[in-house]
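This text is a guided walk through one protein structure. Please look at the sequence and the model before reading on.

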Amino acid sequence: MSDFSLPLDKPSKPPVINIYCSSKETSLAEADKNFEKLKSILCLCLNTDRYLIYHLKPNQLFSDPWEHNTELLIVSSDCNEQEPNNVLSELIQKYLATGGKVLCFGASILHFDFVERKASAHNSSFTWSFTKMEYQGKVMMVPVIPDVSLTSSKLSLVPFNVLGKQENEPKLPLVISMSNFENGILVLSQAALDKDPTDFLSNKETFASLQSHNTLRFEVLQDLMSARLGLDSSAPQLPLLTSATLLSAEKNRKKELLHALSCKLHGSNLLIGASVSLQLVESRKDVMHPISAQCLPLVIQEKEDKDVQFQFFTPKEYWENLQTKSLGQLLLYVDVVSSTMPLLYPLITKDYPHAGLVAIAGRQTSGRGRGGNQWISPPGCAMFTLHVCLDAASVLGQAPAFLQHFCGLALVLSVRQLPGYEDINIEIKWSNDIVFNNCIKLGGVLVDSYTEEGKFHAFIGAGLNVSNHNPTMCINDLIKLENKMRILNEMDVLPELSKEKIISRTITTFEQIMAKFNSKGPGDFENLLYKYWIHRNINKFSLETENGKNIDVKVCGLDSQGHLSVIEEKEQKQISLNSLQYSMDVKQCLIFKKRT
């Protein structure tokens with residue numbers, strides 16, 4: 001028998017990041033909720049394949065040997081109290097003495113000599129204050145713990161580095177790093193970088209300011225984790241790809257499609273696509289692993305399609321909310337895939353052009369946005385690609401730019417036409433963004449297309465943050481905000497929404513919009529679109545022209561081709577702007593040509 005031992009530089013167990021987020025005023029349920037929120041933030045700053053993230057509870061401080069395998073102890077700003085916690089401070093010092101690492105958001109809980117408390121801290125209830133912090137040349141708005149500072153004269157007795165300081169008070173450090181404190185590493189941040197902007201939704205101006213600096217917040221957190229605390233902040237290993245499954249509520253639809261595709265099959269039941277091919281297999285038992293991004297197994301025979309189960313998707317809820325004649329009635333679902341955009345191409349056949357196919361993913365590893373941008377696609381995000389086939393000579397076939405606007409409007413209406421959800425303030429920004437508060441992006445639309453034998457084939461990709469709270473916000477965050485007002489007004493609270501319901505309602509609404517457009521023209525559609533368009537109020541822009549000069553224009557709507565129509569204010573000349581050539585920056589009030 002060989003003598004097996006672990007390499008000396010490898011831990012016997014995965015290193016742990018322990019999060020402590022309890023206080024005397026915090027219930028167990030609140031502490032659990034605070035932990036989950038902070039954990040979701042850390043997952044965006046760390047290689048989560050390298051670390052386990054645990055909730056360190058008060059009853060574990062002495063009973064469990066938590067410090068032995070702890071790579072980092074994080075003390076949340078939710079712990080801060082009017083009086084320091086002597087017991088916790090002593091434990092932290094002992095842990096640091098073993099070479100431990102501590103990241104503390106807010107020092108009021110700590111009983112250290114260099115933590116100075118103002119007299120008012122002992123007498124007043126806790127309220128957040130907000131200030132601008134300069135961190136390595138970048139300025140950002142941050143919430144701070146009030147009435148506590150790191151300005152004691154005894155701080156000079158401890159080797160430390162100031163990483164962040166108050167912008168207008170440079171002598172007041174907000175983030176400090178001590179690389180040899182009690183033999184360990186201590187990072188103290190009076191800036192509550194662990195708090196999400198959504199924690200301050202009740203103050204519209206404060207929330208907007210914090211949200212506008214949210215990207216910087218993650219950059220600072222990542223710098224603290226990697227450069228100051230020595231953790232691995234590289235991107236985690238991507239999840240393994242999974243097989244796809246072809247589903248339909250009506251067996252005849254699937255049977256007809258498979259029959260029409262039979263003439264396209266190559267050896268081993270392969271449907272060839274430009275970037276992704278599909279290999280038809282009878283059941284999941286026939287799937288060969290590992291799965292390639294270029295050749296995806298497609299399971300075509302399963303138990304009842306309404307009852308099949310997946311990790312990130314509930315078909316039953318999807319079918320219950322789908323009310324279409326054609327679109328979405330044939331569903332290709334996959335838990336983990338590179339992108340849904342290329343999946344439907346191999347399934348398109350002239351013998352069954354109006355199959356109404358949709359591809360839905362639980363998670364994408366390489367989601368694609370407009371202009372080659374990456375779309376972050378975590379679980380909880382509604383992600384789908386819908387195939388639409390039009391006669392190329394039809395009114396809509398001659399003006400396909402309308403399709404992206406149909407989908408954008410359908411995404412908004414999928415929420416705002418639900419009874420009680422009318423005031424969930426999501427709107428549309430040209431050309432394809434679903435936004436909150438005019439600038440916070442929750443979703444978007446991307447359209448690929450080709451024309452063949454008199455048919456225009458459009459592949460409409462859409463993504464909408466439904467229950468994933470990062471990287472920006474999600475629909476359910478807005479529902480929580482609405483529910484706060486409803487509780488104050490003694491109204492029933494609104495249930496959170498699922499991605500299955502959002503997707504099926506979006507496809508249903510899309511089909512209705514398209515049918516009405518084809519029968520009655522663009523009038524009713526445009527009136528409804530403009531109702532949810534941010535350009536009702538944000539309509540004055542500077543337009544970048546061919547000669548490099550900018551001119552003042554006013555957005556006035558869509559033209560007959562579905563392109564953006566603006567009026568040059570000086571000469572009152574109408575200009576049409578194709579979204580394939582132009583982009584819009586609302587914050588800068590600028591419409592500019594895309595760079596290739």
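The paragraphs below cover aromatic rings, a sheet and the cysteines.

The model is predicted: local features need pLDDT of at least 70, side-chain atom pairs count only at pLDDT 80 or more, and totals for chains, interfaces and linings use all residues. Residues are numbered from 1 along each chain as its sequence is written, and side-chain values use heavy atoms, with hydrogens and water left out.

A pair of aromatic rings is described by the distance of the centres and the angle of the planes. Here, rings of Phe, Tyr and Trp (its six-membered ring) pair if their centres lie within 6.5 Å; planes under 30 degrees apart count as stacked, over 60 as edge-to-face and the rest as tilted. Searching the whole structure gives 18 aromatic pairs. In one of them, the ring centres of Phe130 and Phe200 are 5.2 Å apart and the planes stand at 85°, so this pair is edge-to-face. Phe130 belongs to strand E6 (residues 129-135), while Phe200 sits in the loop between strand E11 (184-189) and helix H4 (204-212), 70 residues apart. Helices (H or I, at least four residues) and strands (E, at least two) are DSSP runs, numbered from the N terminus. Buried means under 20% relative accessible area, exposed over 50%, and partly exposed in between (1.4 Å probe, protein chains only). Phe130 is partly exposed at 33%, whereas Phe200 is buried at 8%.

The rings of Tyr450 and Phe459 have centres 6.0 Å apart and planes at 25°, so they are stacked. Tyr450 is partly exposed, at 25%, and Phe459 is buried, at 0%. Ring pairs also join Phe310, Phe313, Tyr318, Trp319 and Tyr333 into a cluster.

Next comes the sheet. Strands of a sheet pair through backbone hydrogen bonds, either parallel or antiparallel. Two strands count as paired if DSSP finds at least two bridges between them. An open sheet of 6 strands runs in the order E26-E25-E24-E23-E28-E27, with mixed pairing. Its edge strands, E26 (573-577) and E27 (582-585), each pair on one side only. Within the sheet, E23 (residues 540-544) and E28 (residues 590-593) pair in the parallel sense over 2 bridges. Leu543 has Ile591 in E28 as its bridge partner.

How many disulfides does the structure hold? The number is 0, a disulfide being a pair of cysteine sulfur atoms within 2.5 Å. For Cys45, the closest cysteine sulfur is that of Cys43, at 9.1 Å, which is too far for a bond. Cys45 is buried, with 1% relative accessibility, while Cys295 is partly exposed, at 28%.
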